[in-house]
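User: I am new to this structure and would like to learn how to read its features one at a time. Please give the general idea before each case.

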Amino acid sequence: MSLVTAVRDYINRMLQDISGMKVLILDSHTVSTVSVAYSQSELLQKEVFLVELVDSISKSKESMSHLKAVFFLRPTSENIQRLRRQLASPRFGEYHLFFSNLLKDTQIHNLADSDEQEVVQQVQEFYADFVAIDPYHFTLNVPSNHLYMLPAVVDPPSLQNFCDRVVDGIAAVFLALKRRPIIRYQRTSDIAKRIAQETAKLMYQQESGLFDFRRTEVSPLLLVIDRRDDPLTPLLNQWTYQAMVHELIGIQDNKVDLRSTGKFPKDQQEVVLSSEQDAFFKANMYENFGDIGMNIKRLVDEFQQIAKSNQNIQTIEDMAKFVDNYPEYKKMQGNVSKHVTLVTEMSKIVEERKLMLVSQTEQELACNGGQVAAFEAVTNLLNNESICDIDRLRLVMLYALRYEKESPVQLMQLFTKLASRSAKYKPGLVQFLLKQAGVDKRTGDLYGNRDFLNIARNMARGLKGVENVYTQHQPLLFQTVESITKGRMRDVDYPYVGNHFQQGRPQEVVIFIVGGTTYEESRSVALQNASNSGIRFILGGSVVLNSKRFLKDLEEAQRMARPSTTVL
Amino acid sequence: MAELAKAHAKALMPSFGDGKEDQHLIEALTQEITGLIKRSEKKLQRLSAAGPSEDSNVRKNVQRSLATDLQNLSMELRKKQSTYLKRLRQQKEGQDGVDLEMNLNGSRSKMEDDDLDNMVFTEHQMAKLKKSEAFTAEREKEIQQVVESVNELAQIMKDLSVLVIDQGTIVDRIDYNIQSVATTVEEGLKQLEKAERTQKKGGMVMCATVLIIMCFIMLVLLILKEIFF
């Protein structure tokens, strides 16, 4: 079952038994959850005529007792407070309360106490505490994501909040899938271990009754890994449609905001890129840039054909046919112009930032060897005036991640050159990255040069040549997924929590990356799922990263970490 | 709508009679349905023009959902009408063909008789021809009427399509709609605050305060005058 269907199921169940005009009240997190899975027109069909946020609703005083209120909130203490105030002076006829995660007993008691006028008709838990952006990809949109990079001593309460939010999200995913998993985590990451242990405690001790589902032959697997094991993937420039849009422009909850990149007509300022609603996007989201261009051209040609035939309206029959097909035509027109606008924008950005050039070097740094050649290439690009600061920073970081041990002198040269060229560069950021995610800290074999099998494989691939220079890179997750499929994940690197153990291969696997996922990784997972290997993978993370977001997290973490290092 | 479907089916069945009553029934039903749809549309328009208030979002959304329903209904009606029209046309041609064939056969078989019979049969033929002509003319008129109502409905549909949400676009997203509500409410608040400030700063309050102070001063002076004189 895909995650989007699970969320839609929950929302349907919320709305189906309540007759009459309804108002749906959400909070800032559940609005994302609901918006990616349900559309406004579908809500209207269910007679939900008003949607509001719980914080703005308390400001208005007008009473609408002809409406029934359906609340769908996260069970946080602020929401409970707001609800209590609402219940004390109710505005609506009936109140139906739904929560996206587990309610504590004290919270229920508090709510019951404030419900003096007995307007609450039902209170239920529907576990949709995550944002299901694609059928097998979810995110939690955690606001201060950078906390995972910091040791616990820096800010214990915020880190605890972070872990709680992540554990709640993962628990909700498994409750929605009605499964209880075996849990493994990445040994070298403290935060992954902590999250894995807290999740295990929740599922097996605190709420073991709730999670006691029908046991299948082979339990599903939850794997908690750390973003810092693969710092390479978020830094690379992407060339497949969905990943590229996120990297160059930015996708938030399946919406793309084009206002920052230029002037657009009103209906193209924000567009929706959802694989559930847009058939063309669903077919092309994992294709590379060249193929997308061709497919869009084909789409435009089709559309022009239809437009031309619409212009020869001569008989009344033609007119009738035109009016019949008009809604379809309009929808197609909107869709075509959306994709054309996106691709044009991206082409413009590629042109401005010389990304073809930069990306070629990036892929070389990520996939092939040759330290001397790499050093030369990076130096040349650093000297090139038309490369912008963020690209220079990324190139140096990629070089540093790969060759941090091989030639320290040249590395220092690059650092100084970078500092001199980029005005906004925060000094020490690359070193901070190396401290967080350097070769000593990583478990996985990021560059395929740790054991002989991988080296041989790389050599063979080099000899064979690559299909496309720009999409050579495979994220480390691909190797992890492969090792799970073959049942060969090493216990040393990925131990089990407590006394869990699993014989054989799991049928369902949820991989959670603390620190965020990327669309390149979700593409990898989706293609793996489509290859019918018998195992279903679901990928999730605390946010969805692109290079800008990853760098911002690094900077934030560096800023917070600095005072503590001076203390030591 | 179901009644109209039944009436269509009945009229299309080949019958011996003239079928005039059926035609009238169909016409009446079609007019009624079109009238209902038109009235609903007008009421829908009135709903939106009724001024802004807290309820306005609810109203707008109700409008949208009803507009979708209306659009679906009118599309259904048009589809039914166009199929009826098509089958009517087929029938008309068929009947004409049949009539003509009958005439030809009749004339051929009667050609062998003697002249007296010929004249009688020719008259008979003429009468038949005239009758089928009149029949054709009537059918033509009916088809024209149906086409007119189809056009009317097309017009209504075009008007309604402005109200209906395009699925899959940004306007169909819940969070986008909440955002725009939030911004309009914020804007409204800002405007209100501005208005309040200008009112406070405004001359009226100043004038009123000055006048009151003057009144007090005059009163005091009056009392003083009374005391001292």
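**Reading the features**

Analyst: A:E247 and A:R394 form a salt bridge, with their closest N and O atoms 3.9 Å apart. The term means a side-chain nitrogen of Lys or Arg within 4 Å of a carboxyl oxygen of Asp or Glu. This pair links distant parts of the chain, 147 residues apart: A:E247 is in helix α10 (residues 241-248) of chain A and A:R394 in helix α16 (residues 389-403) of chain A. Helices (H or I, at least four residues) and strands (E, at least two) are DSSP runs, numbered from the N terminus.

User: What should I know about the model and its numbering?

Analyst: This is a predicted model, in which local features need pLDDT of at least 70 and side-chain atom pairs count only at pLDDT 80 or more, while totals for chains, interfaces and linings use all residues; side-chain values use heavy atoms, with hydrogens and water left out. Residues are numbered from 1 along each chain as its sequence is written, and chains are lettered from A and ligands numbered from 1 in the order in which they are written.

User: Are A:E247 and A:R394 buried or exposed?

Analyst: Buried means under 20% relative accessible area, exposed means over 50%, and partly exposed is in between (1.4 Å probe, protein chains only). A:E247 counts as buried because its relative accessibility is 5%. A:R394 counts as buried too, at 0%.

User: Which side chain meets A:K338 in a salt bridge?

Analyst: The partner of A:K338 is A:D278, at 2.9 Å from N to O. A:K338 lies in helix α13 (residues 316-352) of chain A and A:D278 in the loop between β12 (270-272) and α11 (279-284) of chain A, so the pair ties together parts that are 60 residues apart in sequence. Both A:K338 and A:D278 are buried.

User: How many salt bridges does the structure hold over all chains, and which residues are linked in a network?

Analyst: There are 29 salt bridges over all chains. A network of them links A:K255, A:D257, A:R259, A:E270, B:R173 and B:D175. Within chain B, B:D175 forms a salt bridge with B:R173, and the closest N and O atoms are 3.0 Å apart. B:D175 counts as buried because its relative accessibility is 9%, and B:R173 is buried with a relative accessible area of 3%.

User: What is the nearest side chain of opposite charge to A:E404?

Analyst: For charge, Lys and Arg count as positive and Asp and Glu as negative; His and the chain ends are not counted. The nearest opposite charge to A:E404 is on A:K405, 4.3 Å away; A:E404 is buried yet has no salt bridge. A:E404 is found in the loop between α16 and α17 (408-421) of chain A. Contact means heavy atoms within 4.5 Å. Leaving aside neighbours within four places in sequence, A:E404 is in contact with A:Y399, A:L411, A:L434, A:G438 and A:V439.

User: Which residues does A:N529 touch?

Analyst: Not counting residues up to four places away in sequence, A:N529 touches A:Y136, A:I535, A:R536 and A:F537. A:N529 lies in helix α21 (residues 519-530) of chain A and counts as buried because its relative accessibility is 15%.

User: What is phi of A:K178, and what is phi of A:N254?

Analyst: Phi of A:K178 is near 55°, a positive value in a residue other than glycine. A:K178 is found in the loop between α7 (156-177) and β8 (182-185) of chain A and is partly exposed, with a relative accessible area of 42%. For A:N254, also not a glycine, phi is positive and near 65°. A:N254 sits in the loop between β10 (251-252) and β11 (255-257) of chain A and is buried, with a relative accessible area of 2%.

User: How many helices and strands does chain B have?

Analyst: Chain B has 6 helices and 0 strands. Of its 229 residues, 27% count as buried. Among the contacts in chain B with a separation of 6 or more, 74% come from residues 24 or more positions apart.

User: Where is B:S40?

Analyst: B:S40 is in helix α2 of chain B and counts as partly exposed because its relative accessibility is 30%. The C-alpha atoms of B:S40 and B:L77 are separated by 15 Å, and the two residues are 37 apart along the chain.
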